[in-house]
Amino acid sequence: MLRALALSAALVALSAPNTRADDTLAPETVAAVKRASVYVRVEGDGWSGSGSGFVVAADKDRVLVVTNHHVAVKRPPGARAKPPEVSVVFGSGTAAEREYPATVVAADEERDLAVLRVTGVKDPPKPIAYTDLPKPVETMGVFSFGFPLGQALSVRKGFPAVTVGKASVSSLREGDDGELAIIQIDGNLNPGNSGGPVVDAKGRLVGVAVARARDGQGIGFIIPGAEVDRLMVGRIGRVRVISGKRADGKPSARVEAEVIDPAGELRSATAYYVIVPPKGRVPDAAALDKHPDARALELKVDRGVAAGELTIERAEGAVVVQVVGTRGAGTDRVATRARAFALAPGARPEDLAGPAPAGWKGYSPPGKAFVVWLPEQPARQGEDRRDVPLAGETVRANGVFGKADDGLLYRAEVMDLAPDLARLGARLYPAFRATLRDETKGRITESVEAQSGTLSGAEYRLESGSEVTRVRVYVQGPRIYTVRVTGTADQVAGVGAEMILMSFRRPGEVQAQAPGGPSKVIAVGKEPYILGSIEHDPKFKTVGPVGALVVGVEARFGKFGSTDIVRAVRPIYRVNGKEEFGKQFGTDLTGSVTLRAKDGYAVGGISGKAGWWCNGFSLTFMKVKGDGTLDPKDRYESEWVGFNGKGDVTQVMSDGAPAVGIVGKIVGTETTALGLLFKGQESFDPNNKK
């Protein structure tokens with residue numbers, strides 16, 4: 001829901017005069033909430049930020065503070081990969097202010113919430129209760145506490161004082177599940193109050209300040225206080241099952257569940273599962289622990305993940321999993337919904353690189369925009385072009401639709417976007433959800449992350465009566481890729497549905513692989529390899545002075561939606577023992593990051609994540625030998641800059657030829673792609689349209 005609102009990431013104090021005269025806070029309530037409000041400081045490598053937070057729990061051992069995820073966890077575009085240092089200031093702006101280091105103990109990016117733990121706090125403030133919350137209603141007066149504009153409003157040595165703002169509730173917005181997802185208020189907003197408490201006239205928590213409407217006048221948003229309650233009591237987050245093989249070659253399946261438990265309430269986590277043979281019936285029990293065929297697996301909880309190995313005899317059929325966590329003495333339970341995961345050969349990421357298995361065939365539409373495995377002998381199948389309403393516009397979808405012999409319906413499409421829609425980036429996801437609800441006449445009951453090669457997006461489950469639809473959607477630059485299956489609950493949880501959804505990818509790509517090494521290694525050839533694949537973007541190249549070697553790169557990253565993109569770059573050369581910058585591509589290097597080799601080393605390779613654009617990369621530095629070539633055996637990696645989330649890594653590695661320049665692609669005043677020009681590739685022609 002938060003992504004639907006075209007929001008600014010920096011938030012803010014409320015100062016609207018439109019509340020009723022009797023909506024005031026008693027002086028003692030103001031003092032108590034001010035004491036519980038804290039100033040949050042974040043220091044990264046070459047960058048810093050700040051926001052607000054508030055105490056929700058305190059004892060002799062630790063203090064827990066709630067703030068926004070984007071305040072405490074999220075790094076700015078182009079920031080170095082080193083984790084930032086977070087600190088909390090109590091009594092900010094007073095003579096009694098004191099600062100303590102903090103640790104992030106829970107992070108919920110979807111709801112933009114995080115919890116910090118601080119230890120060693122003497123005389124901590126009384127917490128703001130996150131239970132027994134008031135019910136928000138339109139026109140209700142609310143008060144925000146925080147630090148608008150951060151350090152800029154400090155009038156003394158030290159940190160800024162708390163600012164109290166006043167506004168009223170103007171709208172209550174529901175999410176896909178019908179629950180209150182966001183509260184809109186009428187108030188002018190200023191950067192810096194993100195994560196601060198918003199309370200009613202009695203000082204009770206209404207919610208957490210999160211964002212202001214971009215270009216909006218007097219419009220802001222707060223996360224409902226009920227979300228803080230859900231975060232604090234502990235719960236099980238996303239669950240996944242990873243197929244693999246044991247050391248003896250037999251099949252295995254590992255279950256992993258996200259544990260969000262800042263207060264340490266969860267005592268254990270257990271996976272209940274049922275193995276379903278091919279064409280077997282998927283159990284529809286709400287509680288798998290009551291199912292007669294269910295097995296139990298105790299999961300080991302470590303660093304926010306509960307994991308364990310399932311016992312399976314064959315990699316076929318499916319496994320239905322439900323993870324149950326227990327609190328306290330074990331009588332209080334929290335459970336995920338039961339979900340089916342395919343175990344069939346070909347449903348594992350590593351199996352998607354080869355040909356389709358028996359009974360399936362690969363399909364690509366005209367233009368080869370994507371590849372998907374479809375039934376070899378469907379009940380019916382055809383290609384079509386159709387108009388789809390999206391964000392107030394109409395887009396053309398091209399793809400394939402069909403029906404399997406068991407009645408499962410499927411559709412795979414690509415949509416080309418006009419520039420004004422493409423600029424919306426990640427904000428198209430909520431618009432696409434609205435389109436899905438209109439098409440299926442259903443409600444969204446589940447939303448999880450989805451990954452396919454360099455495509456990163458979301459999977460939605462919609463229910464309409466007895467009909468269930470699972471849809472994967474990937475917003476990628478000027479295109480939207482989408483694949484869906486529709487049928488009964490059993491059909492969309494079956495192996496056939498899983499095969500169609502998981503096999504959908506761009507040509508030449510396989511699913512994201514586990515960390516631990518590059519997905520693809522490319523040797524240096526006659527022409528340079530460019531990270532970023534928009535075919536018709538103009539190319540560029542630059543070569544250093546005679547005898548110069550590339551020893552580093554300076555780059556600036558920007559955002560396209562939520563995706564990092566390299567937007568400006570220039571090489572750093574070492575020639576005759578001195579360093580100098582090369583030609584710059586992209587007009588703005590403000591906020592850039594620099595990767596530079598230590599003395600005696602030069603650039604011999606690049607590793608990157610790229611789709612339509614170069615999203616992130618690191619450099620490989622190799623020892624320079626006496627003859628000017630490089631020693632691949634004596635090398636080290638730079639830090640990673642830009643995006644480094646899920647997705648394949650492409651590694652371009654020299655066998656000793658040094659980089660003597662850079663290449664890439666550029667549109668207008670900004671770059672989109674990047675590569676290295678190695679010795680022997682100087683004749684590369686960037687004007688060649690191939």
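The legends below describe close-up views of a predicted model, beginning with the whole chain and moving on to single strands, cores and residues.

Residues are numbered from 1 along each chain as its sequence is written. Because the model is predicted, local features need pLDDT of at least 70 and side-chain atom pairs count only at pLDDT 80 or more, whereas totals for chains, interfaces and linings use all residues, and side-chain values rest on heavy atoms, with hydrogens and water left out.

**View 1. Overview of the chain and its confidence.**
The secondary structure comes to seven helices and 44 strands, where helices (H or I, at least four residues) and strands (E, at least two) are DSSP runs numbered from the N terminus. Of the 690 residues, 54% count as buried, buried being under 20% relative accessible area, exposed over 50% and partly exposed in between, with a 1.4 Å probe and protein chains only. Among contacts (heavy atoms within 4.5 Å) with a separation of 6 or more, 64% link residues 24 or more positions apart. The average pLDDT, the predictor's confidence in each residue from 0 to 100, is 82, and 85% of the residues score at least 70. Confidence stays under 50 over residues 345-351, for which the model has 19 contacts beyond four places in sequence, and also under 50 over residues 510-518, with 24 such contacts.

**View 2**
Two strands are taken to pair if DSSP finds at least two bridges between them. Strand β15 (residues 266-276) is joined to β19 by 10 bridges in the antiparallel sense, with S268 opposite T326. Antiparallel pairing over four bridges also links β19 to β21 (residues 339-342), where V320 faces A340, and four bridges join β19 to β20 (residues 332-335), again antiparallel, with G325 standing opposite V334.

**View 2. The largest nonpolar core.**
A nonpolar core is a set of buried Ala, Val, Leu, Ile, Met, Phe, Trp, Tyr and Cys residues joined through side-chain atoms within 4.5 Å. The largest such core has 39 residues, and those with the most contacts inside it are V569, I606, F617 and L619. Strands that each supply at least two residues of this core include β34 (549-560), β35 (563-575), β38 (601-610) and β39 (614-624), and β34 gives the most, with six residues. Leaving aside neighbours within four places in sequence, F617 is in contact with V553, A555, F557, L595, I606, S607, G608, E639, W640, V641 and L674. A second, separate core of 32 residues includes Y39, F147, F159 and M232.

**View 3. An open sheet of four strands.**
The strand order is β32-β44-β43-β33, with antiparallel pairing. Strands β32 (530-531) and β33 (539-543) stand at the edges, each with a single partner strand, so one side of each is left without a neighbour in the sheet. Strands β43 and β44 pair in the antiparallel sense over eight bridges, and the bridge partner of I666 in β44 is T671.

E459 is found in strand β28 (residues 455-464) and is buried, with a relative accessible area of 4%. A polar contact is a pair of N or O atoms within 3.5 Å; within protein, one must be able to donate a hydrogen and the other to accept it, and residues adjacent in sequence count only if both atoms are side-chain atoms. By this criterion the side chain of E459 is joined to that of R470 at 2.8 Å and to that of R472 at 2.9 Å. Not counting residues up to four places away in sequence, E459 touches R339, E446, S447, V448, E449, A450, R470, V471 and R472.

**View 4. The surroundings of S168.**
S168 lies in strand β8 (residues 163-174) and counts as buried at 6% relative accessibility. Its side chain makes a polar contact of 2.8 Å with the side chain of D186. S168 and V142 are 26 residues apart in sequence, yet their C-alpha atoms are 5.3 Å apart in space.
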